[in-house]
Amino acid sequence: MNHYIVTFSPTKTTLKVVEAIAKGMTEQYKLINITSLDQRKEPLKFEKNDVVIIGAPVYAGRLPVFVADFYKQFEGNGALAVPVVVYGNRHYDDALLELYNILKDTGFSIIGAGIFVGEHSYSKDLASMRPDASDLAIAYNFGKNISYIEKSLDIPGDQPYRAIVESLPIGPDTSDACVKCGVCYNVCPMDAINNENFLADENKCIKCHACVKSCPMEAKAFDHRLDPIRERLKTLCADRKEPILF
Ligand SMILES: Cc1cc2nc3c(=O)[nH]c(=O)nc-3n(C[C@H](O)[C@H](O)[C@H](O)COP(=O)(O)O)c2cc1C
């Protein structure tokens, strides 16, 4: 039985959760990290004896559109799957239901599913430092105790799903602190950063904040343009929410 993780995770919270689940299940797994554009070039195929933990962050109550489109090309071939979404403590809305339905439609047998909380991409002050030790222990034990039997799960969410929110053409500013080290270029999942001047193309940017959170000089920021949203999120994300397991 081969275990795999497939995940998109620009600021690595989803990655931490799915890795904790995988470690609970097995000592050896293969990570297919589709945050990298190169890993999204070819559709993925699995076999009946494979076990695949499939992760995604929640973007505007749904899966990121291109992640959903990539996952729709899976060939599940009866492999066992564990869909997992990670949200920034506002709400997960229809994201897990969307992922669950895609995996069933592409030929996976679902053995469990999870909704976890991760620090919000937009700010270090929203769901700060999540997943924390408690979240990761829950994820690990979930993996450890999972039984490899197909289940029909009652996943929360509505159909039709929440309408897709068109992303505003906003990219991060780059301050004079930038030393052109190239970290932002390497972590950008959308190839939105120029590899000479390291400025962002706002038409390609998805506001995932990978560049903002990984810049060693704190030279990338969305500044005032996302401040109204951050302020609103402070109220909506105030109470600590806990993981939900299925
Ligand atoms: C464009 C965008 C939209 C988001 N929408 C939501 C949302 O609807 N609900 C929520 O709770 N968090 C939302 N978040 C926060 C992420 O789901 C959360 O921070 C997640 O942990 C990020 O995963 P990652 O670290 O794997 O990139 C959004 C983040 C981004 C970048």
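This report walks through the domains, a helix pair, the ligand shell and some backbone features of a predicted model.

## Ground rules

Residue numbers start from 1 along each chain, following the sequence as written. Because the model is predicted, local features need pLDDT of at least 70 and side-chain atom pairs count only at pLDDT 80 or more, while totals for chains, interfaces and linings use all residues.

## Two domains

Let's start with the overall layout. The domain assignment of the protein chain gives domain 1 (3-161) and domain 2 (173-221); such bounds come from an automatic or database domain assignment. Between the C-alpha centres of domain 1 and domain 2 there are 26 Å. Their contact takes 8 residues from domain 1 and 7 residues from domain 2, where contact means C-beta atoms, placed from the backbone, within 7 Å.

The side of domain 1 that touches domain 2 divides into 4 nonpolar, 4 polar and no charged residues. Here Ala, Val, Leu, Ile, Met, Phe, Trp, Tyr, Cys and Pro count as nonpolar, Asp, Glu, Lys and Arg as charged, and the others, Gly among them, as polar.

## Helices α1 and α4

Helix α1 (residues 13-25) packs against helix α4 (residues 133-145) at about 40°, with the axes 6 Å apart. Helices (H or I, at least four residues) and strands (E, at least two) are DSSP runs, numbered from the N terminus. Axes are lines fitted to C-alpha atoms, for helices over the stretch in contact, and angles run from 0 to 180 degrees between N-to-C directions. α1 and α4 are therefore oblique to each other, as angles under 35 degrees count as roughly parallel, over 145 as roughly antiparallel, 65 to 115 as roughly perpendicular and the rest as oblique.

On the α1 side, the contact includes Val17, Ala20 and Ile21; on the α4 side, Leu136, Ala139 and Phe142 are among the partners. The residues of this contact comprise 9 nonpolar, 3 polar and 3 charged.

## Around the ligand

Now to the ligand, which 24 residues surround, the closest being Thr13, Thr14, Pro57, Gly88 and Gly118; a residue is near if its C-beta atom, placed from the backbone, lies within 6 Å. The shell has 8 nonpolar, 12 polar and 4 charged residues. At least three residues come from each of domain 1 and domain 2, and α1 and β4 (80-87) each supply at least two.

## Backbone features

Most residues other than glycine have a negative phi, and most peptide bonds are trans. Arg130 and Pro131 are joined by a cis peptide bond, with omega about 0°; Pro131 sits in the loop between β6 (114-117) and α4. Another cis bond runs from Gln159 to Pro160, and Pro160 belongs to the loop between α4 and β7 (173-174).

Phe198 has a positive phi, near 60°. Its place is in the loop between α5 (183-187) and α6 (210-214).

How values were computed. Contact = placed C-beta atoms within 7 Å.
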